[in-house]
Amino acid sequence: MRELCFTGARALARLLRARKVSAAELMQAFIAQIERVNPRVNAIVTFVPEQALKAARALDRRKSWDAPLAGLPIAYKDLVPTKGIRTTFGSAIYADQVPAENHLLVERLSAVGAITIGKTNTPEFGAGSQTFNAVFGTTRNPYDLSKTCGGSSGGAAVAVACGMLPFADGSDLAASLRNPGNFCNVVGFRPTPGRVPAWPALNGWDTLSTLGPIARTVEDAAFLLSAMAGPDSRAPASMAEPGTLFGRSLKRDFRKTRVAWSRNLGGLPVEPAVTEALEAQRQVLRELGCILEEAEPDLSPAVEAFHTLRALGFLQRVGPLLREHRAKLKATVIWNVEQGLRLTPEQITRAQALRTEVFHRLRTFLEHYEFLLCPVNQVLPFPVEIEYPTEIAGVRMENYIEWMKSCYYISVASHPAISVPAGFTPEGLPVGLQIVGRYRDDFGVLQLAHAFERATGTWQRRPPLAAE
């Protein structure tokens, strides 16, 4: 039964439809895996096994179903409101909150048969790529319990890596799907903004942060995305294209595909072990037929744009809590809000113009190359007691988000990007490769990631504790 927990999500869906395994049996297998592994990693922080098992048994009583995710368990990131299930945003302010309505994502996945089994851990208000908070504590990396799993979708990535979930949702502002995917040897895909709608949302036009899937394979990430994506009238920035686009085969011939390879995205400090692990994979791309060239766009204006727009977003979302609940907010969240309070109209308009410039710099660069390949993170998973790296390769970081430039450059440009398992250090720490595609070519990114994944097989290396 434990091996069911590491069977691909698509394969599980086929087994359920063919009645070769019952929904209750599958749910019991995942419940047992959570009860066995989660105490060591703290990935799932709210757990509703009785509710999930009841829903699975109800599904088994039906004569047939055609919902694509029917019977598959999912635990939502604790930033996503779930009706009747505790949702804290990782904040002591909301430690006891139980929403009265579901997020659009929960509505959508429930409608296609996914069964809610709980919530996954996240930093306070999703701030920072290290998953810890005052409500639930710290989530640990399953490949080395002394290290961070990344964030902010850290609980989701760990749960998937450990076979506690077949796949999971996440969100990505700076790096929050790609970073934990990279640190946990799973796939984290940041789609083009608007691909997956969000509601409720304070700013329905926000396209800096986006929702996306986490899975052990690219195929399963595409499978979940096919159910997540598609328009919704409550989300004005959502794309009109249906999610079913991602249900197609990912197979593709990459011969003569021009691909840009960047070691450091224009001089960013990168730990040598990251570079070494990725350089070893260049031959894989050549064997796939890609024409690999060293090249990179100048995306440096993204720094100012990101800091300004991120601060503006935190001011909108968290600013109203600052006066009454300052003592319950972590220092980095307060810093973000106060940065927002100091913004001038000129800074905001300049940031919007810079974001547009960064978009066009990457867009025109990708007219010459179909993909840009680069590091996901500039560092390896670091000790779990450290909130964020203060230095990379001898270069001091000025703030708690500076170490995420290799991801947030791409966030500002609004192009689709994926973290796909690419290797391990001699110490056994995962290293992922970031594949960036043309604007709205989410499917193309998935195709190259799928081909790379099949060629390397790195994704098959499970965390040691998952097999104990």
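1. In helix H2, the residues Ala23, Ala24, Leu26, Met27, Ala29, Phe30, Ile31, Gln33, Ile34, Val37, Asn38 and Val41 are buried. The model is a predicted one, and this point, like those below, should be read with that in mind.

2. The length of H2 can be checked against its residue count: the 19 residues of this helix, 23-41, should span 27 Å at 1.5 Å a residue, and because the C-alpha atoms at its ends are 26 Å apart, the two values agree.

3. Within H2 there is a kink of about 35° at Glu35, which lies shortly before the proline Pro39. After the helix comes Asn42, a residue with a positive phi, near 60°.

4. Turning to the strands, E16 covers residues 417-424, and eight of its eight residues are buried, so this strand is largely enclosed by the rest of the structure.

5. What joins E16 to strand E9, and in which sense do they run? Strand E9, made up of residues 187-190, is joined to E16 by three bridges, and the two run antiparallel; in this pairing Arg190 is found opposite Ala417 of E16.

6. E16 also pairs with strand E17, residues 430-437, in the antiparallel sense and over seven bridges, with Ser419 standing opposite Gln434 of E17. These two strands, E16 and E17, form a hairpin that has five residues between them, and in its turn Gly428 has a positive phi of about 90°.

Definitions and conventions
Residues are numbered from 1 along each chain as its sequence is written. This is a predicted model: local features need pLDDT of at least 70, side-chain atom pairs count only at pLDDT 80 or more; totals for chains, interfaces and linings use all residues. Side-chain values use heavy atoms; hydrogens and water are left out. Buried means under 20% relative accessible area, exposed over 50%, partly exposed in between (1.4 Å probe, protein chains only). Helices (H or I, at least four residues) and strands (E, at least two) are DSSP runs, numbered from the N terminus. Two strands pair if DSSP finds at least two bridges between them. The expected span of a helix is 1.5 Å times one less than its number of residues. The bend at a residue is the angle between axes fitted to the seven residues ending there and the seven starting there.
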